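Trainee: I'm new to this one. Could you walk me through it?

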Amino acid sequence: MSSKLKYSSKAAYYGSGIQSVLLAISTSPLTKSQRKWRVACIVIYVSLSMAKRVVSRKGKKLSTPLLPPPHTSILEIKAVLDDVEDGQVMDQKRLAEMVKAKKLDGFGGIAAIAKLLATNTESGINGDEEELTRRRVAFGSNTYERAKPKGLIHFVVEAFRDTTILILLACAALSLAFGIREHGGKEGWYEGGSIFVAVFLVVAVSAASNFRQERQFDKLSKISNNIKIGVVRQGRRQHVSIFDAVVGDVVFLNTGDQVPADGVFVDGHSFQVDESSMTGESEHVEVDSRRNPFLLSGSKVADGYGKMVVVSVGMDTAWGEMMSSITRDSNEQTPLQERLNRLTSTIGKLGLAVAFFVLLVMLVRYFTGNTQDENGRKEFNGVDTDLNDNFNSVLRIVSAAVTIVVVAIPEGLPLAVTLTLAYSMKRMMADQAMVRKLSACETMGSATVICTDKTGTLTLNQMKVTKFCLGGHDIRQDSIAPNLLQLFYQGVAFNTTGSIYKPKSASAVEYSGSPTEKAILSWAVEDLGMDVEKLKQSYTVLHVETFNSDKKRSGVSLRNDVQNCSYVHWKGAAEMVLAMCSNYYQHTGEMKAMSKEKMSEFENIIQGMAASSLRCIAFACKQIEYEKESSTSNEITLSQKTLTEENLTLLGIVGMKDPCRSGAKKAIESCRFAGVDIKMITGDNIFTAKAIATECGILDPNQHVANGEVVEGIEFRNYTDEERRVKIKKIRVMARSSPLDKLLMVRCLKQAGEVVAVTGDGTNDAPALKEADVGLSMGIQGTEVAKESSDIVILDDNFSSVATVLLWGRCVYNNIQKFIQFQLTVNIAALVINFIAAVSAGDVPLTAVQLLWVNLIMDTLGALALATERPTKELMHRPPVGRTQPLITNIMWRNLLPQALYQISILLILQFRGRQIFQVNQQVKNTLIFNTFVLCQIFNEFNSRNLEKKNVFKGIHRNKLFVGIIAVTIVLQFVMVEFLKKFADTVSLSLGQWGICVVIAAVTWPIGWLMKFVPVTDKPFLDYLNLF
């Protein structure tokens, strides 16, 4: 039921107010409007009286009362609006439709809507928990109904759609039917039932793994969508989750922010939004409080800054309706997964060919009478053979061939990628990196160049004004002339996107905004004695030009209402503002012309500050006269929308210190040691950039900076394509760069064959973040546009976290290579053994159930064991992989081929000479082959832990999951052999026979250790085939 709106805060329950109205009704004739009021009041009173009775009976069962007690501050619901004629009733739905339709008809303007929602456009809502709860009950929360995530049953059904699984099920059904027919229900179900159980086990484990991955990605998606927004409550500016926004909230919006809910624009300057996500229109929409005050949830702020009042949230917004209908697809294929799918397909085709050949040979041998049963008699005797026996034999042959296909196809490879990515994403969250795109994990491991910002990434982003220059001299704040001080107040108080909150208590003043804005505001308030509230009473802002990353400055025009004069103020990069000035102020307040000598003196001062790692900000102003272009004195004219940039007067220059992060230098050294080149791209001037780069270790302090290592953005963009191609690798620092310079740098590096990672935080960084192989946005200072354009969000804005992401990326790639080595060893050994045995003896040594068990060990348990290895420092001692290195390296071939040859040799010896060597019967021999084969894989998992190091046991105690999986696998193998004999077609082995199996399997360790002494060439082993 829609809430009837007008909300206000009073100190008494509304029912009491209605009673007093009814008692005060006089007997004089009533007007039409009064009659309507009387009817409305009586209806509401009767309704509330009935509600009271219901609540008195049932309300005790509720944890919170439906109606608040008397004498508490509550939200009252009034039936009519003061601003609506004839008592027209407003409901929540109509209010929400107002924003969607962009029509303000009947609502009486922005002020009336704010009053309707019981909010103040300056101080916001009350903001206590009780009021927030009531607003959520009345209007809903700022969340939308998500499509239900896929359940476990969905993944089970998906697993059963696999062709090989269906063929195995068909074989199992036929085997079960013929077995029961031949041997009866008590004995005949073993073979077919065993295949059924094995298939269901494989399906269950696969489905459970995929279901767990789905839940993991769903959790990460919720974290990714949890945006922080700036609101004002009880006059205090604070940051809250986008999900906590309520109707009536006053929200601050800056360039790059996402509009958190539907609402109306209150005030601001140069405000434009990008509504392409909602309307599909790429043109930016200009928003103001008169012509178009409507803001749609989900749109992005393209330019300017302002405030909005939230009108509708969650499912009442168009964005909520749209998002609730979207089903998230977690089946994103990363480049590595696609490569592995091609590898899987190639091996699968090879396995299919082998299986078909085995099927053909075994059928020919059977029907030509060259096979024998357990008693040594021919299995096929022409027309004399029972039809059931023929069917059972053919079915057994087909089942064996299909199982060879199952083992040959390494479907565990995509699973291994999924597991290692899901595991890494979870661990990276703890290391202050949130992965938005799966492909970024693996790609980051191949990065050869990282282009990083300076502010907030290499530095702490904790600005503090440490130097103040006025008239060419460092001065104390108490020696500034009063007229000059007033100009500084204007330039700081009105040319800012920050704000000041003074608590009523004696607690410290709170500053909000960017670190630069906060530093300047705190300096002006604490050192210069600025009173913002007093200034606002005397001045009117006419027009604002927000900070532009190309011009690197912001400006404001304002009118002094007391003296009736106007000023233009500029603030920005010191050398750029200085170039706009033709005069300067001395500390006495006297204005002087800017001579060439004085200009040069100021330039030297700026360079000296910058060389001391200070960020230099200059202030300039000009008193102006605007022509009257409108009859309304408060209306902003066309001339007032253009701020003059010529003949300004320099007020002063401040130097702000932003210290380097303590771990930045060490992280840069680590990256460079790993073969990754670090390039710093900053908007600061060249002297500040050099100083910070030297402090962080990007430039060597003991060496002279070579020509071409440090360039400015304008110099770089003016290079020819050939010059950029030659000089790009030498550049270490680019100063005074624009976002387009960063984009150009990324493109040039990619054309040179580099794998590029880029950090960015601004809206204008979006093109470079998208262009890069891996885009890294900043979680604290980054805009929502930058975050959406990136692949990974660095939650603490710290370069050390960038280095950690690089380490995890290499870990992902390395873990997958480990599993590929392990998997291919099993595939090659199983295929060759079954092929040779089938061709030579007409039988395969491993049954369908046994091969399915091996498949489960290597595909699921093996992937889980090897894909969850944590990164080690040794990964940063290797050069980057780059774009061209093959997935299966020569080192991997060197490790896996000897292991596969050893397993093939030993198992073929057991197949053809096992009975004579160990003096055992056929069943014991087959059990020995099965047990030895499985134990070889278990021991070989240890060899796969490290591709290059000889000591494969190092750090094994820290990976409890690996140790646990090995232990579980051994226990299950013992159970399979000793207790599930009919299921696995095995017999019990003696202690000595178990010892023989373990010794044979343990030989894989010394083989692996010896092979790592063998050197490998740089030329890829399979280069001539071009398969991988």
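Trainee: Which way does helix H19 pass H21, left-handed or right-handed?

Mentor: This is a predicted model, where local features need pLDDT of at least 70, side-chain atom pairs count only at pLDDT 80 or more, and totals for chains, interfaces and linings use all residues. Residues are numbered from 1 along each chain as its sequence is written, and side-chain values use heavy atoms, leaving out hydrogens and water. A crossing is left-handed if the near helix is turned anticlockwise from the far one by less than a right angle, and right-handed if clockwise. For H19 passing H21, the crossing is right-handed.

Trainee: At roughly what angle do the axes of H19 and H21 cross?

Mentor: Helices (H or I, at least four residues) and strands (E, at least two) are DSSP runs, numbered from the N terminus. Axes are lines fitted to C-alpha atoms, for helices over the stretch in contact, with angles from 0 to 180 degrees between N-to-C directions. The axes of H19 (residues 596-611) and H21 come within 7 Å, and they cross at roughly 15°.

Trainee: Which residues of H21 make the contact with H19?

Mentor: Contact means heavy atoms within 4.5 Å. H19 brings Gln-607, Ala-610 and Ala-611. From H21 come Phe-687, Thr-688 and Ala-691.

Trainee: What is the strand order in the open sheet of eight strands?

Mentor: Two strands pair if DSSP finds at least two bridges between them. Pairing in this open sheet is mixed, and the order is S10-S28-S27-S26-S11-S23-S25-S24.

Trainee: Which are the edge strands?

Mentor: Look for the strands that pair on one side only. They are S10 (433-435) and S24 (710-712).

Trainee: In S25, what is the bridge partner of Ile-681?

Mentor: S23 (residues 677-681) and S25 (residues 733-735) run parallel, joined by two bridges. In S25, Ile-681 is partnered by Met-734.

Trainee: Which strands does helix H21 touch?

Mentor: H21 (residues 686-696) packs on the sheet, and its direction makes about 150° with that of S25. The strands it touches are S23, S24 and S25.

Trainee: What is the relative accessible area of Gln-432?

Mentor: Gln-432 is in the loop between helix H13 (412-430) and S10, and its phi is positive, near 70°, though the residue is not a glycine. Buried means under 20% relative accessible area, exposed over 50%, and partly exposed in between (1.4 Å probe, protein chains only). Gln-432 counts as partly exposed because its relative accessible area is 31%.
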